[in-house]
Amino acid sequence: MKIKKMDPVTLSVMWGGFVAIAAEMGATLRRTAFSEVVREGMDFSPGIFDGKERLVAQGDYSPGHLGSMPYAVKSALRYFPKETLKPGDVLLMNDLYMGSGHLPDFFMITPVFYRNQIIAYTVNCCHQQDVGGAGSGSTVVMNVSECFQEGIRILPVKIYKEGKPNEDIFRIIEANVRVPEKVVGDMKAQVNANYVGGTRILEMVETYGIDPFNDYIDEILDRSERAMREAIRKIPDGDYPFQDYLDDCGEGTEPIIVNVTVRVRESEAIIDFAGSSPQTESGLNSMLNYTRAYAYFALKCLTEPFIPQNGGCMRPVEVTAPLGSFFNPRFPAAGGGRAMISHRLFEVVVGALAPVLKEKVIAGHSQGTTPCFGGIHPETGRHFVCIDLIKGSFGARPFKDGADALVCSMNPRNVPVEAHEQKFPVLVECLEFIPDSGGAGKFRGGVGVRKDIRFLSKMKLYNLTDRCKFAPYGLFGGKPGAKGATLLRRGSEIIPLHSKGIYDLHPEDVVSFIISGAGGYGNPGERDDQSVLKDVAGGYVSVEGAGTDYGVIIDPTTMTVDHEATKKLRKTPGGEK
């Protein structure tokens, strides 16, 4: 029975309560996790669904997990209809086609019972340190052609039955991964997080009653849908195309075309990836759930970013890609390296809408890298897997420079140096900004990041990065950011490494991971000369770069702007930026 009147205060408290529960689930998962990638890198995401399997609230974590989560939940519950579930049951699955596009992402789904009825589901996704397969970390791109090579694939199963762990399934998983103690530890942290979320939901029901609980969820979803439709309606109807590229899917392969058309009709939008490259015979493909997740996320950021994300927000948006294409591959295409695709998915949707949302978009941002190192630890004699998250910077904004060294289009963190040096045979020799790497503009793109790691024992590197051939784009006269690179220093020799390559590393090898800079926004000649001076003082721009990129002449001795020389240069044909 519907309640007669919606109380706005109660609505606000419950809405905020759902968001707070999701945040507490995330905090629980992080604090009880075992792996560095989860505990330090925060590569996980929680969500709350109602008894009708609708997303009600989520934590502020990875859009790739969260945008895939509604489809993952529906897939799992097709295997286990609600009438087959009991209190204490927990479902697990990591199938890349049902989930978020690669096998390391484990989804946990826990039904919440109230008076013998399922009233909600607490859900989380956690990136596991390793799930077996062709290489440490299970995100290998080269020498992989189908998902069977990428690790253990789990269709929906009951990992807990009525509160008791299914030890048989745990043993199967332990036998197929390189670091079982971390994988199992993180899995149990996932169970903890869902339990906490379920407890808080039951407390809410006891406070407000089950009928108001359900009715206010309906209202939250309906209001969110209306807000999203109203925001889309402000975009002029039309078809908005954009094209960019991924470097390749391995040595000797062609660039991957990323083609999108955003079609806006009144209060609805279709994001269509027709015209993109076909699926690849590598570990680099974007499963449709992942394509949906980041395409939708980009549109949400540009239209209604302040309404907390839920299923109602997603109703007016459809994401499509031809079956067999890079953004909707046919089974059994592989997808372990799909983390590199998130940036480009976000960027092309933003680029498409830039002409009509000039005051909301940002330029192309840095392409982070997620290299994996693995081998036998010289002190313990056991397998180790190190996943590094080295992220770059944001593209310039219509009113401000791009933020430096913050993760773009996803919410994990750069893993602290100390976390890896303590656990693994590595030594970080350099972690710094790269001068002149941010795209010049009225507002500067965020600068690239360089991280040099010395390897203290024999191990394998599975590289995973991009933007080494195609630079992040600038907007409205802004210049592109600098390209990235990976370099191996072995003795006195410098060896360029491929962005998706696999390499044997020797003790004392040093690998330099050079992250691309982000694009600029607006004409560099319009940048305030004091802002350029400040950039030079801060090490973001060199004295030479100030002159060549911005037409600003700075005296390196006094660190002051030569206003006459600057004025003359900026008026000179060819000197105008």
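Reply: Helices (H or I, at least four residues) and strands (E, at least two) are DSSP runs, numbered from the N terminus. Residues are numbered from 1 along each chain as its sequence is written. This is a predicted model, where local features need pLDDT of at least 70, side-chain atom pairs count only at pLDDT 80 or more, and totals for chains, interfaces and linings use all residues, while side-chain values use heavy atoms, with hydrogens and water left out.

Me: Which helices and strands each supply at least two residues of the largest pocket's lining?

Reply: Helix H1 (8–32), strand S2 (55–58), helix H3 (63–79), helix H7 (288–303) and helix H9 (341–353) do. The largest share, six residues, is from H7.

Me: And what volume does the largest pocket have?

Reply: About 1100 Å³. Of its 43 lining residues, Pro63, Phe297, Cys301, Pro305 and Asn411 are the closest to the centre. A pocket here is an open set of points on a 1 Å grid over the protein atoms alone, where a 1.4 Å probe fits, with protein on both sides within 12 Å along at least five of seven lines; lining residues have an atom within 4 Å of a point. The volume is the space filled by probe spheres set on the points.

Me: OK, the sheet now. What's the strand order?

Reply: S14-S15-S20-S17-S18, an open sheet with antiparallel pairing; two strands pair if DSSP finds at least two bridges between them. S14 (426–433) and S18 (493–497) are at the edges with a single partner strand each, so one side of each has no neighbour in the sheet.

Me: How many bridges between S15 and S20?

Reply: Five, joining residues 449–455 of S15 and 510–514 of S20 in the antiparallel sense. Lysine 451 is opposite phenylalanine 513 in S20.
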